[in-house]
Amino acid sequence: MIFQKRKNTLLLKQKEIEKHFEQEIAKTQIEIREETFRNISWELHDNIGQLLTLAKIQLQNASDIEEVKDTLNKGLTELRSLSKQINPDVLKKMKFTEAIAQEIERFNRLNFINASIQIEGQEKKINEKTEIVFFRILQEFFSNTIKHAKASNLVVKVHYKPEELLITAKDNGQGFDSEKKNNFSGIGLNNIKNRAQLVNANVSIFSKPNIGTKLIITYKY
């Protein structure tokens, strides 16, 4: 009876853990979609809108027709890129590294920051929910880099080692003193660490004022 009681307690606890995990994954997916739609809204208003306004001005001023064509072609290219971001079938089929590369390409295309991605080793398929968590962690880091860190350069490395996955993201922004715990809560870094714990990954964040910030994710397959 004692054994059965302990077993039932453990099973109940396991179900609660699983329920919490699924809730957090669902929340993470919603946040990724919200971030994507915010980016799309910004691009439509500030980027594509500006291109179409420029084309209108060029036509009104009877400028070179080739110049107008070039402006409109840029607008169409941006629209095609946006359509891929909101196509659920494309997103589902996209590999983890492809999703990161798409973010990097967008930063460069819109002149947000000089960004690059490096992929090393033989790419391995990891759990889809784990990939979702890693992508959201990187998304949060990117957002902080662009909106708050005032960085000009961003480098992302994805290294598929034999026993573990190593992901690093580094910017050259204004940084902060990562040794002071109270600096983490203000820019959402505690949230990043909590997400990593969901999938049994380790996250380290190193930063120094005027040097930049580095994020390291390690995950054993």
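# A walk from the surface to the core

Start by selecting Leu76, which is partly exposed, with a relative accessible area of 41% (buried means under 20%, exposed over 50% and partly exposed in between, using a 1.4 Å probe and protein chains only). Before moving on, note that this is a predicted model, in which local features need pLDDT of at least 70 and side-chain atom pairs count only at pLDDT 80 or more, while totals for chains, interfaces and linings use all residues. Residues are numbered from 1 along each chain as its sequence is written, and side-chain values use heavy atoms, leaving out hydrogens and water.

Leu76 sits in helix α2 (residues 65–85); helices (H or I, at least four residues) and strands (E, at least two) are DSSP runs numbered from the N terminus.

**Next stop: the sheet.** Five strands form an open sheet in the order β1-β2-β3-β5-β4, with mixed pairing (two strands pair if DSSP finds at least two bridges between them). Colour β1 (114–121) and β4 (202–208) to see the edge strands, each of which pairs on one side only. Then select β3 (residues 164–171) and β5 (residues 212–220), which pair in the antiparallel sense over eight bridges. Click on Ala169, and look for its bridge partner in β5, Leu215.

**Stay here for a charged pair.** Glu164 forms a salt bridge with Lys220, the closest N and O atoms being 3.7 Å apart (a salt bridge is a side-chain nitrogen of Lys or Arg within 4 Å of a carboxyl oxygen of Asp or Glu). Glu164 lies in β3 and Lys220 in β5, so the pair ties together parts that are 56 residues apart in sequence. Glu164 is buried at 19% relative accessible area, whereas Lys220 is exposed at 59%.

Select Glu140 and Arg195, whose side chains meet in a salt bridge (2.8 Å, N to O). Glu140 belongs to helix α5 and Arg195 to helix α7 (residues 189–198), 55 residues apart. Both count as buried: Glu140 at 16% and Arg195 at 4%.

**Last stop: the rings.** The structure holds four aromatic pairs (ring centres of Phe, Tyr or Trp, its six-membered ring, within 6.5 Å; planes under 30 degrees apart are stacked, over 60 edge-to-face, the rest tilted). One of them, Phe107 with Phe142, is edge-to-face, at 5.5 Å centre to centre and 85° between the planes. Phe107 is in helix α4 (residues 96–109) and Phe142 in helix α5 (residues 128–147). Phe107 is buried at 3%, and Phe142 is buried at 2%.
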